[in-house]
Amino acid sequence: MTRKKIRNLLRTESRPDQAVLAALFWLLCMGTSGARPHGAAVSGDANTKSDDGNCLRGMCGRSMVAGEGDSKMGVQIGASPDSGFDDPLGMLKDCHRRIEHFLHVICLVAERALGRSLTGEETSAVQSALRYFREGGIRHTADEEESLFPRLREDPDAGNLEELGALESDHHEANELHSFVDEIYSKWITAGRMAPQDEAQLVAATRRLKSLYEAHIQVEEKFVFPRASARLSQEIIQTIGREFRRRRT
Ligand SMILES: [Fe+2]
Ligand SMILES: [Fe+2]
């Protein structure tokens with residue numbers, strides 16, 4: 001998909017929706033209750049930061065990045081430890097929780113900071129999220145497209161080729177949208193302000209990413225991963241885990 005096509009698509013998707021209103025409502029509630037939304041489970045680092053005022057609650061995710069694929073650093077307060085390389089399907093699900101968390105950050109800031117400069121706290125949270133999608137997000141796609149999906153395709157009873165092809169199309173569209181969001185946010189951070197047309201397109205792009213990931217993650221966790229768990233041998237699962245390790249060293 002070309003940048004022009006993305007811009008045209010985004011022009012048609014810039015009206016406020018229920019999800020945005022819910023996110024803003026959630027933010028207001030967070031100021032008094034200290035509750036944390038689903039998908040924002042973070043480690044002690046982030047919790048400490050939220051107490052000293054340097055990080056918006058649930059928005060600082062540095063520890064979530066550090067914890068990926070490393071069981072020693074994956075211990076989280078109030079959450080299960082991250083899965084290790086012996087459980088690559090568990091690692092993929094852990095990664096989905098990180099995707100949801102960082103997606104929440106880029107959606108929330110795009111909605112609430114329109115018409116002004118980002119605060120230091122917002123800039124830091126957004127930069128962590130952008131870095132995650134540039135590194136961890138790309139690696140997650142490689143884990144699926146280069147390690148998991150080919151194994152499912154090799155087993156005629158385990159793979160649904162149409163479904164896997166649709167998931168790969170989603171990855172492609174998400175990559176295009178992420179590079180667009182990265183470009184606009186980087187301009188915003190550098191220049192201090194955004195042009196009105198960029199504001200509308202950033203909001204539309206983050207909303208599109210949110211809806212894309214919601215459906216995509218549901219298909220993977222409800223159908224693809226359970227099928228892989230049922231059909232792939234332990235030997236293949238362990239091979240996939242070794243490939244995941246190699247991508248991280
Ligand atoms: Fe995927
Ligand atoms: Fe995934």
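## Ile106 and what it touches

Two residues are in contact here if their C-beta atoms, placed from the backbone, lie within 7 Å. With that in hand, take Ile106: leaving out residues up to four places away in sequence, Ile106 touches Val126, Ala129, Val181 and Thr206. This is a predicted model, so read each contact as part of a prediction.

Ile106 sits in helix 5, which covers residues 88-112. Is Ile106 buried or exposed? The cut-off for buried is 20 or more other C-beta atoms within 10 Å, and Ile106 counts as buried because it has 24 C-beta neighbours inside 10 Å.

## The chain as a whole

Stepping back, the protein chain has nine helices and zero strands. Read along the sequence, that gives the pattern α-α-α-α-α-α-α-α-α.

Of the 249 residues in the protein chain, 30% are buried. Take the contacts with a separation of 6 or more: 72% of them are between residues 24 or more positions apart.

## Helix 5 against helix 8

Back to helix 5, this time with its partner. The axes of helix 5 and helix 8 come within 10 Å and cross at roughly 165°. Helix 5 and helix 8 are therefore roughly antiparallel to each other, and their crossing is left-handed.

Which residues meet here? On the helix 5 side they are Leu89, Leu92, Lys93, His96, Ile99, Leu103, Ile106, Cys107, Ala110 and Glu111. Facing them in helix 8 are Leu202, Val203, Thr206, Leu209, Lys210, Tyr213, Ile217, Glu221, Phe225, Ala228 and Ser229. By type, the residues of this contact split into 14 nonpolar, three polar and four charged.

## Helix 7 against helix 8

Helix 8 (residues 196-231) also packs with helix 7 (residues 161-191), at an angle of about 150° and with the axes 9 Å apart. That angle makes helix 7 roughly antiparallel to helix 8. The crossing of helix 7 and helix 8 is left-handed. From helix 7, the contact uses Glu163, Leu167, Asp170, Glu173, Ala174, Leu177, Phe180, Val181, Ile184 and Lys187. From helix 8, it uses Asp198, Gln201, Leu202, Ala205, Thr206, Arg208, Leu209, Leu212, His216, Val219, Glu220 and Phe223. These residues divide into 12 nonpolar, three polar and seven charged.

Now helix 7 by itself. Helix 7 has 31 residues and reaches 45 Å from its first C-alpha to its last, close to the 45 Å expected at 1.5 Å a residue. Buried residues in helix 7 are Leu177, Phe180, Val181, Ile184, Tyr185 and Trp188. After the helix comes Gly192, with a positive phi near 90°.

Glu220 lies in helix 8, and it is one of the residues in the contact with helix 7. Why does Glu220 count as buried? Because it has 21 C-beta neighbours inside 10 Å, and the cut-off is 20 or more.

Not counting residues up to four places away in sequence, Glu220 touches Leu167 and Phe225. Another glutamate to find in the model is Glu144: Glu220 and Glu144 are 76 residues apart in sequence and 9.9 Å apart in space, C-alpha to C-alpha.

Ile240 is found in helix 9, residues 234-247. Ile240 is buried, with 23 other C-beta atoms within 10 Å. Setting aside neighbours within four places in sequence, Ile240 is in contact with Pro88, Ser147, Leu148 and Arg151. As for Ser147, it is 93 residues from Ile240 in sequence, but the pair are 5.8 Å apart in space, C-alpha to C-alpha.

Tyr132 lies in helix 6, which runs over residues 120-154. Tyr132 is buried, with 25 other C-beta atoms within 10 Å. Look for Arg98 as well: Tyr132 and Arg98 are 34 residues apart along the chain, and their C-alpha atoms are separated by 8.6 Å.

Definitions and conventions:
Residues are numbered from 1 along each chain as its sequence is written. Chains are lettered from A and ligands numbered from 1 in the order in which they are written. This is a predicted model: local features need pLDDT of at least 70, side-chain atom pairs count only at pLDDT 80 or more; totals for chains, interfaces and linings use all residues. Axes are lines fitted to C-alpha atoms, for helices over the stretch in contact, and angles run from 0 to 180 degrees between N-to-C directions. Helices (H or I, at least four residues) and strands (E, at least two) are DSSP runs, numbered from the N terminus. Angles under 35 degrees count as roughly parallel, over 145 as roughly antiparallel, 65 to 115 as roughly perpendicular and the rest as oblique. A crossing is left-handed if the near helix is turned anticlockwise from the far one by less than a right angle, and right-handed if clockwise. Ala, Val, Leu, Ile, Met, Phe, Trp, Tyr, Cys and Pro count as nonpolar, Asp, Glu, Lys and Arg as charged, and the others, Gly among them, as polar. The expected span of a helix is 1.5 Å times one less than its number of residues. A residue is buried if 20 or more other C-beta atoms lie within 10 Å of its own, exposed if 12 or fewer, and partly exposed in between; C-beta atoms are placed from the backbone.
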